[in-house]
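Me: I would like to go through the labels used for this model and check each one against its cut-off. Please show the sequence and structure before we start.

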Amino acid sequence: MLQSPPPTMSSLFAILMLALYFTCKLNSVTAQGDVVVTWERNHPLGGKPYDILQCQTVTVQWTGKGNAEHTLYEFEDEKAYQSCDFSNATLTVEAQVSGTFVVSSEENLTPGKRWFASDQLDDCTNAKMKFSVKVRPLLQDKFSGYECEGDFAAGDVVVKNAADIKTCRKFCKRRRGCVSVMYIGGNKLKCRLYRKPPFRAVQVSTLQNRYGSCF
């Protein structure tokens, strides 16, 4: 009987990304933790940093309060966001009084930070019409026999002891600069914290009780 050849690393990575995409469509975390931002001046939650998982969405809702127009720009980095420097920001929604804009789950597949604000009058500088979003790994995909690897420099990967994958994710949430993790179970119980996302899954010699996420 002929046997199919083992999958290549590129095909495995493509399969994992596709699996995560459909997980985003179906996973219940989407309904439980999506973010809604009320887009008006001096809202009590204005300027808030939001913390979401991959596959969640962020919905910006213009309320029409005061019949004032507001835009939605996305900044390229945190420095520009903090100083309300729109010189290199990207216009996402033009000035409008009412409406809704959704940053979809498909756009949130990659862990990292994003920054948004309105540039009308002093919306950003004084009226708290700005917010940031940190996208954290969903840690939903598991695959036996593979480990995450990437182009890492010294300090990009930190290893900690962790009893389970939930504890591993908590470590990432609390560690500044952590964008992805991998958990190794079995008799290892190790948590790897990455400062830059791994980009490939590499087969290892010991296939028992290993799983993680490379996203």
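Reply: What follows is a set of questions about labels and the values behind them.

Me: What kind of model is this, and which limits apply to it?

Reply: The model is predicted: local features need pLDDT of at least 70 and side-chain atom pairs count only at pLDDT 80 or more, while totals for chains, interfaces and linings use all residues. Residues are numbered from 1 along each chain as its sequence is written, and side-chain values use heavy atoms, with hydrogens and water left out.

Me: How many helices and strands does the chain have, and what makes a run count as one?

Reply: The chain has 4 helices and 13 strands.

Me: Why is the pair D123 and R41 called a salt bridge?

Reply: The term requires a side-chain nitrogen of Lys or Arg within 4 Å of a carboxyl oxygen of Asp or Glu. For D123 and R41 the N to O distance is 2.7 Å, so the pair qualifies. The structure holds 5 salt bridges. R41, D122 and D123 are linked in a network of such bridges.

Me: Where in the chain do D123 and R41 lie?

Reply: D123 is in the loop between β7 (112-117) and β8 (130-136), and R41 is in the loop between β1 (35-39) and β2 (49-53). The two are 82 residues apart, and the pair links distant parts of the chain.

Me: Why is D123 called buried, and why is R41 called partly exposed?

Reply: Buried means under 20% relative accessible area, exposed over 50%, and partly exposed in between (1.4 Å probe, protein chains only). D123 has 2%, so the label is buried. R41 has 29%, so the label is partly exposed.

Me: What makes E74 and R114 a salt bridge?

Reply: Their closest N and O atoms are 2.8 Å apart, so the pair passes the distance test. E74 is in strand β4 (residues 70-75) and R114 in strand β7, 40 residues apart. Both E74 and R114 are buried.

Me: How do you know that K113 and E78 also qualify?

Reply: The N to O distance of K113 and E78 is 3.5 Å, so this pair also meets the criterion. K113 is in strand β7 and E78 in helix α3 (residues 78-83), 35 residues apart. K113 has a relative accessible area of 36%, so it is partly exposed. E78 has 31%, so it is partly exposed as well.

Me: What does K130 touch?

Reply: Leaving out residues up to four places away in sequence, the partners of K130 include W39, Y81, F116 and C124. Contact means heavy atoms within 4.5 Å.

Me: Why is T59 called buried, and what is in contact with T59?

Reply: T59 has a relative accessible area of 13%, so it is buried. It lies in strand β3 (residues 58-63). Neighbours within four places aside, T59 is in contact with V35, V36, V37, T100, F101 and V102.

Me: Why is T92 called partly exposed, and which residues are in contact with T92?

Reply: T92 has a relative accessible area of 29%, so the label is partly exposed. T92 lies in strand β5 (residues 90-96). Outside four places in sequence, its contacts are L72, Y73, E74 and F101.

Me: What is the phi of C84, and why is C84 called buried?

Reply: Phi of C84 is near 55 degrees, a positive value in a residue other than glycine. C84 is in the loop between α3 and β5. Its relative accessible area is 14%, so it is buried.

Me: Why is L189 called partly exposed?

Reply: L189 has 36% relative accessibility, so it is partly exposed. L189 lies in the loop between β11 (180-184) and β12 (190-194), and its phi is positive, about 55 degrees, although it is not a glycine.
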